[in-house]
Amino acid sequence: MRRAARIDVNQTALVAELRQVPGMSVYPTHTVGHGFPDIVVGWQKKTYLFEIKATVKDKLTPDEQKFFDDWHGAVARVTTTEDVLRVLGAIPLEPCQDQEP
């Protein structure tokens, strides 16, 4: 029997922030299980899957890693709202620290 899905401490706030973005739809999917990502985001007629982690040090579970390896669509691991917006292209990527402008 599968145990109740646990959500990362930042997931509720992240979802609430994303729902404030005009034209964005957010659907929590953390209860699906089997490594399926935590949220599905619709943006500009495209669908994205996101696995939310509390910190950048948090690793994917074996099921999550298998999903990432097998999935042939857009899926990303994120920790912040800004991470999501960067993946979507809604805000620019940050330049690498060791590169000159």
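This is a predicted model: local features need pLDDT of at least 70, side-chain atom pairs count only at pLDDT 80 or more; totals for chains, interfaces and linings use all residues.
## Strand pairing

Residues are numbered from 1 along each chain as its sequence is written, and side-chain values use heavy atoms, with hydrogens and water left out.

Strands β1 and β2 pair in the antiparallel sense over five bridges; two strands count as paired if DSSP finds at least two bridges between them. Strands β2 and β3 also run antiparallel and are joined by five bridges, with Val 40 opposite Leu 49 in β3.

## Overall architecture

The protein chain contains three helices and four strands. Helices (H or I, at least four residues) and strands (E, at least two) are DSSP runs, numbered from the N terminus. Along the sequence, these elements follow the pattern α-β-β-β-α-β-α. A right-handed β-α-β unit is made by β3, helix α2 (residues 62–70) and β4. Right-handed here means that, with the strands pointing away from the viewer, the path from the first strand over the helix to the second runs clockwise.

Of the 101 residues in the protein chain, 34% are buried. Buried means under 20% relative accessible area, exposed over 50%, and partly exposed in between (1.4 Å probe, protein chains only). The protein chain exposes about 7,200 Å², and carbon and sulfur atoms supply 56% of this area. Areas come from the Shrake-Rupley method with a 1.4 Å probe; for residues, only the protein chains shown count as cover. Among contacts in the protein chain with a separation of 6 or more, 45% are between residues 24 or more positions apart, a contact being heavy atoms within 4.5 Å.

## Nonpolar core

The largest nonpolar core has 16 residues, and those with the most contacts inside it are Leu 18, Met 24, Ile 39, Val 41, Phe 50 and Leu 88. At least two residues of this core come from each of α1 (11–18), β1 (24–28), β2 (39–43), β3 (46–52), β4 (75–78) and α3 (81–88). Such a core is a set of buried Ala, Val, Leu, Ile, Met, Phe, Trp, Tyr and Cys residues joined through side-chain atoms within 4.5 Å.

Met 24 touches Leu 18, Val 41, Gly 42, Trp 43, Leu 85 and Leu 88, with residues up to four places away in sequence not counted.

Strand β2 is largely enclosed by the rest of the structure, because five of its five residues are buried. Both of its faces are covered: Ile 39, Val 41 and Trp 43 are buried on one side, and Val 40 and Gly 42 on the other. In a regular strand the side chains alternate between the two faces of the sheet. Strand β3 is likewise largely enclosed, since five of its seven residues are buried.

In α3 the buried residues are Thr 81, Val 84, Leu 85 and Leu 88. They lie on the same side of α3 because they cover an arc of only 95 degrees around the axis, the arc being that of the directions from the helix axis to the C-beta atoms. The elements covering these buried residues include α1, β1, β2, β3 and β4.

## Positive phi angles

Most residues other than glycine have a negative phi. His 34 is not a glycine, yet has a positive phi of about 60 degrees. His 34 is located in the loop between β1 and β2 and counts as exposed, at 68% relative accessibility.

The hairpin of β2 and β3 has two residues between the strands, and in it Gln 44 takes a positive phi near 50 degrees. Lys 45, in the loop between β2 and β3, has a positive phi of about 65 degrees although it is not a glycine. With 87% relative accessibility, Lys 45 counts as exposed. Just after α3, Gly 89 takes a positive phi of about 80 degrees.
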